[in-house]
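Hi,

Here is the structure I promised to pass on. Have a look, and my notes follow below.

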Amino acid sequence: MATKLCQHATETAGFACYPDATMNYTFASATILLILITDPIGNIPIFANALSHVAPERRPWVILREVLIAFILLLTFMFVGEGFLKLMNLSELSLQIGGGVILFLIALRMIFPQPATETHESLGEPLIVPLAIPAIAGPSALATVLLLVSQAPERRMEWIGALCITMAV
């Protein structure tokens, strides 16, 4: 069936179709992908705002703690994420579609920002939210590490290395 669909697409639209093709990531491409998704440059204003009430000598330690929490979460999801998805009865395709929808909604909110509302800021030190999750280890990062491992589980050590480099950046 898939072969007939690909043959029809090739004949009518004039492009090649690969029904069983998956993305093949290298170590470098996986590292770059994770760095782009975790967006260290874009997270600077979020960190600066969240840490504005923290004493300057504590800030490096808070940042290190939040990065380690995000790293542990992403590493855990790398090992148990597939089981979690099976438990929730979700497929890779549904995860990819859901990730695309989330990115689309984020893009819409960036284009059409919501009116500013008064927010209550906490004067304490941030713990886990909003720095570790979702700023670093957001839904897209979780989905990416899961998809990397599910598409090439034999290369898990490479993906862990890519994640280590990403967290170091």
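Where H4 meets H7, Leu 73, Leu 74, Phe 77, Met 78, Gly 81, Glu 82 and Leu 85 of H4 touch Ala 141, Leu 142, Val 145, Leu 146, Val 149 and Ser 150 of H7 (contact means heavy atoms within 4.5 Å; helices are DSSP runs of H or I, at least four residues, numbered from the N terminus). By class, that contact has 10 nonpolar, two polar and one charged residues (Ala, Val, Leu, Ile, Met, Phe, Trp, Tyr, Cys and Pro count as nonpolar, Asp, Glu, Lys and Arg as charged, the others, Gly among them, as polar).

The model is predicted, so local features need pLDDT of at least 70 and side-chain atom pairs pLDDT 80 or more, while totals for chains, interfaces and linings use all residues. Numbering starts from 1 along each chain as its sequence is written, and side-chain values use heavy atoms, without hydrogens or water.

H4 and H7 pack at about 65°, axes 9 Å apart (axes are lines fitted to C-alpha atoms over the stretch in contact, and angles run from 0 to 180 degrees between N-to-C directions). That makes the two roughly perpendicular (65 to 115 degrees).

The largest nonpolar core has 34 residues, and Leu 74, Met 78, Val 145 and Leu 163 are among those with the most contacts inside it (a core is buried Ala, Val, Leu, Ile, Met, Phe, Trp, Tyr and Cys joined through side-chain atoms within 4.5 Å; buried is under 20% relative accessible area, 1.4 Å probe, protein chains only). Beyond four places in sequence, Leu 163 touches Leu 34, Phe 71, Leu 74, Leu 75, Met 78 and Val 145.

Overall, the chain has eight helices and zero strands.

Cheers

Methods:
Buried means under 20% relative accessible area, exposed over 50%, partly exposed in between (1.4 Å probe, protein chains only). Angles under 35 degrees count as roughly parallel, over 145 as roughly antiparallel, 65 to 115 as roughly perpendicular and the rest as oblique.
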